[in-house]
Amino acid sequence: MAEMIPVKERMKRNQVPMSEQEPKERIYNFKEVPLGYTKEEAIYEAQRCLQCKVPKCIAGCPAEINIPKFIEKIVEENFTGAYLEILKTDNLPAVTGRVCPQEEQCQIVCILEKQGKPIAIGRLERFVADWARENNIHRRLPELKRKNQKVAIVGSGPAGLTCAADLTKLGYEVTLFEALHKPGGVLVYGIPEFRLPKSIVKYEINEIEKIGVKVITNFVIGATLSVDRLAQDYDAIFLANGAGAPRFMNIPGENLNDVYSANEFLTRANLMKAYNFPEYDTPIKIGKRSATIGAGNVAMDSARTALRLGAEKSYIVYRRSRKEVPARAEEVHHAEEEGIIFNFLTLPVKVLGDEKGNVIGMECLKMELGEPDESGRRRPIPINGSNFVIEVDMVIDAIGTSANPIVAGSATGVETNKWGYFIVDEKSKVTTKEGIYAGGDIVRGSATVISAVGDGKVAARTINEFLSSGKSLREVF
Amino acid sequence: MYKIFKKEKLNDIIYSMWIEASEIALSVQPGQFIILMTKEKGERVPLTIADFDRERGLIRIVFQIVGKTSEELSTLEEGDELYSFIGPLGKKTEIVHYGKVITIGGGTGIACIHPIARALKEAGNEVISIIGARNKDLIIMEEELKLASSELIVTTDDGSYGRKGFVTQILKEILDQDQNIEKIWAIGPAVMMKVTCETTKPYQVDTIVSLNSVMVDGTGMCGSCRVTIGGETKFVCTDGPEFDGQLVDWAEFMNRLIRYKEQEQRSWKIYQDHTHLFKCGKEME
């Protein structure tokens, strides 16, 4: 067992960096970029934790993990204990340990953040989850009386999976409906292999299935069966179908052959494994010079995927400046290391093509920053006559998503706002219809995996309250 | 899993299959489509439904061998299972009582027009169906279409069966003689649908086409199937597949249809070389 070290010593130590695949190597493969902590690194990092009497990190975690406690168990070299501690509230530790923006959540409130060296909570969580997987430590369903109430969950992304697992742990019979042929939602179709290996997602979902969640794939709620019809067979429903519809710039030339939505591009690459074409049947077409419009995490994923698929140059085109980039700093850093070229203050106005529909360039305008807009960021203003052409033969629109209406269209009495997102009570996640709850991107618009996880947890809690009080959706209808 | 209940070879290149998919069979409506995958490593292929049997929980698909996936699908037998089969997707055909209507099917489009013609007839319309193919062998589902229509006209490009010529020639003859045609549906190869729209334009008869774009998810998530309709971008999977043919940007639609032609041909060739090798190997054993 590793020893606790004096506070003074803890304060002296620096954050343990995580080793990564070298940029010049990794741009030719889809393997994960950060390689994870070794046991020794994890313990050394865990020893730095001050074990605050009133820890602030827990409140910063939407998955409600008792962070100091699992870190203490790492110091004790009780990795199984650390894993079970995380699992008490987080159902996807190997996922959240990788894709959570910890720097904005648990780590930003860490006392050591003041010295610029917060505990690397995400890396430690990832270590514990990976260690458990590699050592065959499985989650167990707590011994409790099974309840006979049934809950249907629409969508198997992070919100749906979390809600399903939490409700199963409370004893309910849960069925998860997924429209695609594989469960996981954005974790499988959106986030690339090099950030979140699909074998790990599959493992986490298998573990959730093993505690009793029933997953039905190839089932499109709103098409195969309506929400209204579903409501006749279930006592409560959680809608977590994701934002799902790609947004385009609405500029001329956007329907040319080599213009992709990030959703299409990433789905082909990730879910359909087009990077292994022709072993896998789904094709993808990669230009020599690719432009990705937007600067969020999805844009970074797209630009970096294009590079790995063979683009010689991969640009990010963003209308604001570096300061306003919404992607995680870590993603931007990785992208820059890999040679992604950033064009800030640049607004695409037209995609240029030939008569066959191939992209031959993208016309853009230079921008300057004006007064702050309603988002508080300085508004980008086009500079007249600054038009120029970026020579590209492929364009990826990564400017966000809007609400897919299929599910909402089949749910009588469940109201949406003017953008098509479900209206919910913030605290309970209940929609405008009692017994039906909603969370994740179909409520928030394009948000993060961890906020979806948080919504799933809140919904599970209120669904439990609803059902425990003896109510059922079947009576509401 | 989705079991192949019945398989039929309609001619050298076109197959018919009834697939066990009870939930889809319960909710499907004419004009809608499904997406299937033959195996985990397969691609997602959209196919407009050719028929359905709600009681037995079956969906009928008809497909022509045009590439790797369709060839692979044709090698599956009754009792085999498809990896994925989702639907019903897209909007249903607007079936009301119009009066006198024409439904046109070209090639495998004959299969797609079938449930639409039948539903229109059941709704009290007088349905004239025109079906066409290159030659006699490629005419499919003639008996079904005869039952589904008030009148059936068959055409072949080479005159080996029925009337010689294209479906659009017959269509023009009818439109010249009959002023009471209220609406027309045309499903078939892109060129056929485009020429149909050009033919009907001077007569100002509503002409609906069903577009068969390249799709991935088929539920409005990826936008691969987008098409310009009357100057506006629409998704074939959720806004369609049926659109007012006069508003379709055909040049763009046809360009986007062959986006992956090169890759598709490469993949098909590798598949054929492999299966050929396999067959030779078997013979040698």
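Residues are numbered from 1 along each chain as its sequence is written, and chains are lettered from A and ligands numbered from 1 in the order in which they are written. Because the model is predicted, local features need pLDDT of at least 70 and side-chain atom pairs count only at pLDDT 80 or more, while totals for chains, interfaces and linings use all residues; side-chain values use heavy atoms, with hydrogens and water left out.

In chain A, five strands form an open sheet in the order β3-β2-β1-β4-β16, with parallel pairing. Helices (H or I, at least four residues) and strands (E, at least two) are DSSP runs numbered from the N terminus, and two strands pair if DSSP finds at least two bridges between them. The edge strands of chain A are β3 (214–216) and β16 (436–438), each of which pairs on one side only. From one strand to the next the twist averages 20 degrees (axes are lines fitted to C-alpha atoms, for helices over the stretch in contact, and angles run from 0 to 180 degrees between N-to-C directions). Helix α16 (residues 449–468) of chain A packs on the sheet and touches β1, β4 and β16 of chain A, contact meaning heavy atoms within 4.5 Å. The direction of α16 makes about 165 degrees with that of β4(A). Within the sheet, β1 (residues 150–154) and β4 (residues 236–239) of chain A run parallel and are joined by 4 bridges; Val154(A) stands opposite Leu239(A).

Strands β11 (residues 359–372) and β12 (residues 378–382) of chain A are antiparallel, with 4 bridges, and form a hairpin with 5 residues between them. Pro372(A) has Arg378(A) as its bridge partner, and Gly376(A) in the turn has a positive phi of about 85 degrees.

Rings of Phe, Tyr and Trp (its six-membered ring) pair if their centres lie within 6.5 Å, with planes under 30 degrees apart counted as stacked, over 60 as edge-to-face and the rest as tilted. The count comes to 14 aromatic pairs over all chains. Tyr2(B) and Phe85(B) form a tilted pair, 6.1 Å centre to centre with 40 degrees between the planes. Tyr2(B) lies in β1 (residues 2–9) and Phe85(B) in β8 (residues 84–89) of chain B, so the pair ties together parts 83 residues apart in sequence. Both residues are buried (under 20% relative accessible area; exposed is over 50%, partly exposed in between; 1.4 Å probe, protein chains only).
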